[in-house]
Amino acid sequence: MGVKNQNGRLSTVVTTNERKMTSKQKLLYFIYLHRTGLAVTGLSLVLLVYPLFQDNPYNLGLSNLIAIYVIVVLGLNLFIGYAGQISLGHAAFFGLGAYGSAVGTVTLDLPAWPTMLIVALLVALIALLVGVPALRLSGHYLAMATLGCNIVVHTVMLQWDEVTGGPSGFSGVPPLTLGGFAFDDEIRFHYLVWSFALLSLLLCLNLVRSGVGRGLAALAGDETAAAALGVDTRRAKIKVFVLSAAMASLAGSLFAHCYGFVSPDSFGIFTSADMVIMVVIGGMGSVWGSLIGAGFITLLPEWMDIFDSYKDFVHGGILVLVLMFLPQGLITGLLEQIKIKIALRRRKDAAA
Amino acid sequence: MLQLEGIGKRFGGLPALDDVSFKVPRGQVTALIGPNGAGKSTLINCVSGILQPTSGQVTFVRQRITGEPAHRIARFGIARTFQNIKLFPRLTVLENVLTGLTCEGGQSMCMAMLRLPYLRHRERRLRLRAMEALDRFHLTDKANWPAEVLAYGDKKRVELARATVGNPQLILLDEPVAGLNAEETAAVAEQLKRLRIGGYTLLLVEHDMELVMDIADQVVVLDSGRCIATGTPDEIRHNPLVLEAYLGRMDATA
């Protein structure tokens, strides 16, 4: 029973009814205790059977795109929601990953998987070099610095014709293969890309539930207080930045192999802004919210044509509204409001 | 245990602290008092590494800690609370207390992402310890509340729980009873006495003379950035310098 005491709200239940828990209570308690693991398992099962019910390649292509964005947004959410910083340049890392894989596999004729890994490591190194000076800044200045970094990378992609193919893009990136099995259609790619997305999700969930994650949450809350609790704030920020850049690069590689074609258009500053909007919709510091944010923004133009033509207006509008009324982000903001309402009511009850 | 030698701090040309020296003996409660603007909070910030003193040195258990960044000092075993409470409003009360165990939660991000069994067990132990700390401050029933809905007095207690949960060697308390009513102040005084009995060393900045005279073993008086007296509460009460500079002025305004 000692183990079960770890949870505050339930420990009272456990100690008063220590040997009298009904099987229903036990089941509920089991679900509560393993809620994260069960949720991840449930999601994996849904995704496992999804192609059986959905064989429209267009829809599968969309869900694959969501998975790719999920990987980026998870990393970015750690940086924005946990380290409490802002980056308007993650499309640069995403693009570097995509072009890295494209150039590596086509021009240099390297095997795809090691290229992906090496590119991610190189991008992490670039992020480190950018991050060490840039993360001395904060707020608007950091936003500007990362934005500038994105513009530089974008310009290089546009202008360096011999390597990147310039504005017309880079085509002919081969699909990924695993022991002769090529991930060349939407269904096969679905399994590949969602495996990566779920793995990232799991790693991020683990991270935020650990002591390191709590240190990061403290950092997002108050830098001085976090430092007084023993969090090396400068290092932690850089580490998360590098991690999120590596995740973006990995997503970029998958993007290149999925579509076989990359062009600078996909990696401009508006993509960066969209990624930030995905984080904001899902909620800062919410790992699960990243899924929702990536899904929502990717699907929005599909639901209504007008959102496609006036995409930037709509996205900008959403961003402004959410930040005005729910600065913690849409989903987390709403959930938090509910939690606070409940707690306040309980407080009132306790006082009465 | 903590030794300050000739600490000076200037903000621009303005001296906030000037040649402050005193010792904080192990296992005792040292109170730092002085009128507003005497430099008490600045001194606490210099010890905890949030500010760097411009001169002098701080020694903690024979180690020189001047110039070390705040997180290193925290890892030496110095915890603190803040005058204007710094809780993390987004986290629950339990999570807030758990942040006080950051130093013991593991440093490696990779290990944390893999969540190996040893980390899972450690996490369980830390949670138990955090619950114990909450229990000491009678906050167990609010463990899962978001910290921002707590009443002011409860927030102060959560901050105390967070500062003590990691069993630090020295706790710096910046006005632990500011803004509390008489009843809550008495409760905090009780907690502080219990911490003292538990062997903790406390350095406390406080305006509440009654509390200071009640729980302090040693009182250090600052005035305009200078240390004007050090002694037991009784000695301080009868020190003419202090009476003139501090208590005298209070009498005049009271």
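Which residue takes a positive phi in the hairpin of β9(B) and β10(B)? Ser224(B) does, with a value near 50°, and 2 residues lie between the two strands of that hairpin. The model is predicted, with pLDDT of at least 70 required for local features and 80 or more for side-chain atom pairs, whereas totals for chains, interfaces and linings use all residues. Residues are numbered from 1 along each chain as its sequence is written, and chains are lettered from A and ligands numbered from 1 in the order in which they are written.

Figure 1. Chain B contains 10 helices and 10 strands (DSSP runs numbered from the N terminus, helices being H or I of at least four residues and strands E of at least two). Its C-alpha trace spans about 60 × 40 × 30 Å along the principal axes. Chain B is divided into domain 1 (1–77 + 169–254) and domain 2 (89–167), with bounds from an automatic or database domain assignment.

**Figure 2. The contact between the two domains of chain B.** The C-alpha centres of domain 1 and domain 2 of chain B are 27 Å apart. Across the boundary, 9 residues of domain 1 are in contact with 8 residues of domain 2 in chain B (contact: C-beta atoms, placed from the backbone, within 7 Å). On the side of domain 1 that touches domain 2, α2 (70–75) and α7 (182–197) of chain B are the elements that give two or more residues. The largest share of that side, 3 residues, belongs to α7(B).

**Figure 3. The open sheet of 4 strands in chain B.** The strands follow the order β2-β1-β4-β5 in chain B, with antiparallel pairing (two strands pair if DSSP finds at least two bridges between them). The edge strands, each pairing on one side only, are β2 (14–24) and β5 (63–64) of chain B. Strand β1 (residues 2–11) of chain B is joined to β2(B) by 7 antiparallel bridges, and Leu4(B) has Phe22(B) in β2(B) as its bridge partner. These two strands, β1(B) and β2(B), form a hairpin with 2 residues between them, and Gly12(B) in the turn has a positive phi of about 65°. Strand β4 (residues 55–60) of chain B runs antiparallel to β5(B) and is joined to it by 2 bridges; Phe60(B) stands opposite Gln63(B) there.

**Figure 4. The open sheet of 6 strands in chain B.** Pairing is mixed in this sheet, whose order is β6-β7-β8-β3-β9-β10 in chain B. Its edge strands are β6 (78–80) and β10 (226–231) of chain B, each of which pairs on one side only. From one strand to the next, the twist averages 20°. Strand β3 (residues 29–33) and strand β8 (residues 201–205) of chain B are parallel, with 4 bridges between them, and Leu32(B) is bridged to Val205(B) in β8(B). By contrast in sense, strand β9 (residues 218–223) of chain B pairs with β10(B) in the antiparallel sense over 5 bridges. Val220(B) stands opposite Thr230(B) in β10(B).

**Figure 5. The packing of α4(A) against α12(A).** Helix α4 (residues 57–82) of chain A packs against α12(A) at an angle of about 170°, the axes lying 9 Å apart (axes are lines fitted to C-alpha atoms, for helices over the stretch in contact, and angles run from 0 to 180 degrees between N-to-C directions). The two helices, α4(A) and α12(A), are therefore roughly antiparallel (angles over 145 degrees count as such; under 35 is roughly parallel, 65 to 115 roughly perpendicular and the rest oblique). Residues of α4(A) in this contact include Ile68(A), Val72(A), Gly75(A) and Phe79(A), and those of α12(A) include Phe241(A), Ser244(A), Met247(A) and Phe255(A). The contact of α4(A) with α12(A) has 18 nonpolar, 3 polar and no charged residues.

**Figure 6. The interface of chain A with chain B.** Here 36 residues of chain A are in contact with 39 residues of chain B. On the side of chain A that touches chain B, at least two residues each come from α1 (8–16), α9 (186–208), α10 (211–221), α11 (223–228), α12 (233–259) and α17 (330–351) of chain A. The most, 8 residues, is given by α10(A). This side of chain A divides into 15 nonpolar, 13 polar and 8 charged residues.

Technical notes. Ala, Val, Leu, Ile, Met, Phe, Trp, Tyr, Cys and Pro count as nonpolar, Asp, Glu, Lys and Arg as charged, and the others, Gly among them, as polar.
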